[in-house]
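Here is a short report for a reader meeting this structure for the first time. Look over the sequence and the model before reading on.

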Amino acid sequence: MSRPELIAPPEIYYGDTEAKKYTKNTRNQQIQADMTYRALELLNLPPDEPAFLLDIGCGSGLSGEILDEQGYIWTGVDIAPSMLEVALEREVEGDLFLQDIGQGFGFRPGSFDGAISISVLQWLLNAETSHPTSSPPHRLTRFFTTLHSSLRNPSRAVFQFYPSSDDQIQLITSIAQKAGFGGGLVVDYPNSKKAKKVFLCLYVGGGGGQQQLPEGLDGEEEVDGGKARFERRREREKGKNGKRKGLKDKDWILKKKELYRKRGKESVPRDSKFTGRKRRPVF
Amino acid sequence: MVRLITHNLLACHVKGCTSNNFPLEFKDVQVVLRESEFNPDFLRGFIPKLEWPALVGAARELGDTSLPDQLPEMLDDDFLKTLHHVLLEIHVEEGIMICPNCKHNYPVSNGIPNMLLAEHEIG
């Protein structure tokens, strides 16, 4: 798995070329879209009520597009100017801010009905300078406390991220708890290396009762996860008795001969009762 | 794309700047009007969150005087339409937003405000 956060800080890594590349990549688009839908599901907003959401690390607006489509009004923040430029070109609906989330937000208390963030938190785990305000715990504390106050009570914030160790998860969840959030980790497909996704599901307030942490998806993975791509087709070819049908059987040979004749090839053997028949062993 | 809806939520987040840091004042602004879909339910839900005097002030700074000084009791469709126009259709493309307390400048370029702080300003 590639770890771009170890190469350079986000505003440098996602320069003009990388930002365009990232946005055009259809695989990235698909993954981002799937994770955004799942994050919205975990956010569990009341249906038919237009909500005002915060997209943390909105990038070029891949997830914002889905928020638009679902009828939410949103505001996005990101630290990479090139990504925001791509977002402008793509004409997303939301307001965009150039902001370092590790420096905290300046939004008034209770501004947002919810927050989502796709593949962002891992970027906060590297110190760029030796200044005390750029240490990961300090930046995370600043981020979570200001986020907590800018969310409405009750509401949720869902972060999808790629932790590289359990220590990182521990650090993030403990700081989030200190900032006043409830909730915890939801892991989808924990037993699959490819499809595994980690969501941090945080709650502001509980409205009396304890909020129930949703279950991670488990068991049969959808979309060809786990199985090789054409396996199902191969299985179908096996037929009823479990024996694989010969590839070059009589039908195939006749088809080929027909084709050669049509193309005008000379010396195509004529069809007979022996065509495609198996040779018996001599002994 | 700073619209007044987000401007109304935005306070200064410089270290130690905790009082009188809202609303940010506009300076040298260029405004663009872009139509958007009218959604009365969203507006009704959003009104309790608005800081009304700040919104009226900001709208006047941008040259729109259609809002009344007081939030009216009756929310009829005409009023919601004016509110929709002010909140969601006025975009600030270029300019500066200034914190009334610490005078920190947040430049807006190409519709995107730059909220980055220098090292000594981080809380």
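## A starting point

Which residues does Phe159(A) touch, not counting residues up to four places away in sequence? They are Ser117(A), Val120(A), Leu121(A), Phe199(A) and Leu200(A). Two residues are in contact here if their C-beta atoms, placed from the backbone, lie within 7 Å.

## Model and confidence

This is a predicted model, in which local features need pLDDT of at least 70, side-chain atom pairs count only at pLDDT 80 or more, and totals for chains, interfaces and linings use all residues. Residues are numbered from 1 along each chain as its sequence is written, while chains are lettered from A and ligands numbered from 1 in the order in which they are written.

The pLDDT is the predictor's confidence in each residue, from 0 to 100. Chain A averages 84. In this chain, 88% of the residues score at least 70. Residues 223–227 of chain A stay under 50. For that stretch the model has seven contacts beyond four places in sequence. Where pLDDT is low, the predicted coordinates should not be read in detail.

## The sheet of chain A

Chain A has nine helices and seven strands. These are DSSP runs numbered from the N terminus: helices are H or I with at least four residues, strands are E with at least two. An open sheet of seven strands runs in the order E3-E2-E1-E4-E5-E7-E6, with mixed pairing. Strands pair if DSSP finds at least two bridges between them. At the edges stand E3 (95–98) and E6 (182–188) of chain A, each pairing on one side only. From one strand to the next, the twist averages 15°.

E1 (residues 52–56) and E2 (residues 73–78) of chain A run parallel, joined by five bridges. Phe52(A) stands opposite Ile73(A) in E2(A).

## Helices across the sheet

Helix H4 (residues 62–69) of chain A lies across E1, E2 and E4 (112–118), at about 165° to E1(A). Helix H6 (residues 136–150) of chain A lies across E4, E5 (151–161) and E7 (197–204), at about 140° to E5(A). Axes are lines fitted to C-alpha atoms, for helices over the stretch in contact, and angles run from 0 to 180 degrees between N-to-C directions.

## Burial and core

A residue is buried if 20 or more other C-beta atoms lie within 10 Å of its own, exposed if 12 or fewer, and partly exposed in between; C-beta atoms are placed from the backbone. Of the 283 residues of chain A, 35% are buried. A nonpolar core joins buried Ala, Val, Leu, Ile, Met, Phe, Trp, Tyr and Cys residues through C-beta atoms within 7 Å. The largest has 91 residues. Leu53(A), Ala115(A), Val158(A), Phe159(A), Phe199(A), Leu200(A) and Leu4(B) touch the most other members. E7(A) gives the most to this core, with six residues.

Helix H5 of chain A has buried residues Ser82(A), Met83(A), Leu84(A), Val86(A) and Ala87(A). Their cover includes H2 (16–24), E2 and E3 of chain A, together with E5 (112–113) of chain B.

## Where the chains meet

The contact takes 25 residues from chain A and 27 residues from chain B. On the side of chain A, E2, H5 (81–89), E3 and H6 each supply at least two residues. E3(A) gives the most, with four residues.

## A site on chain B

Is Gln30(B) buried or exposed? Gln30(B) is exposed, because 11 other C-beta atoms lie within 10 Å. Gln30(B) is found in strand E2 (residues 25–33) of chain B.
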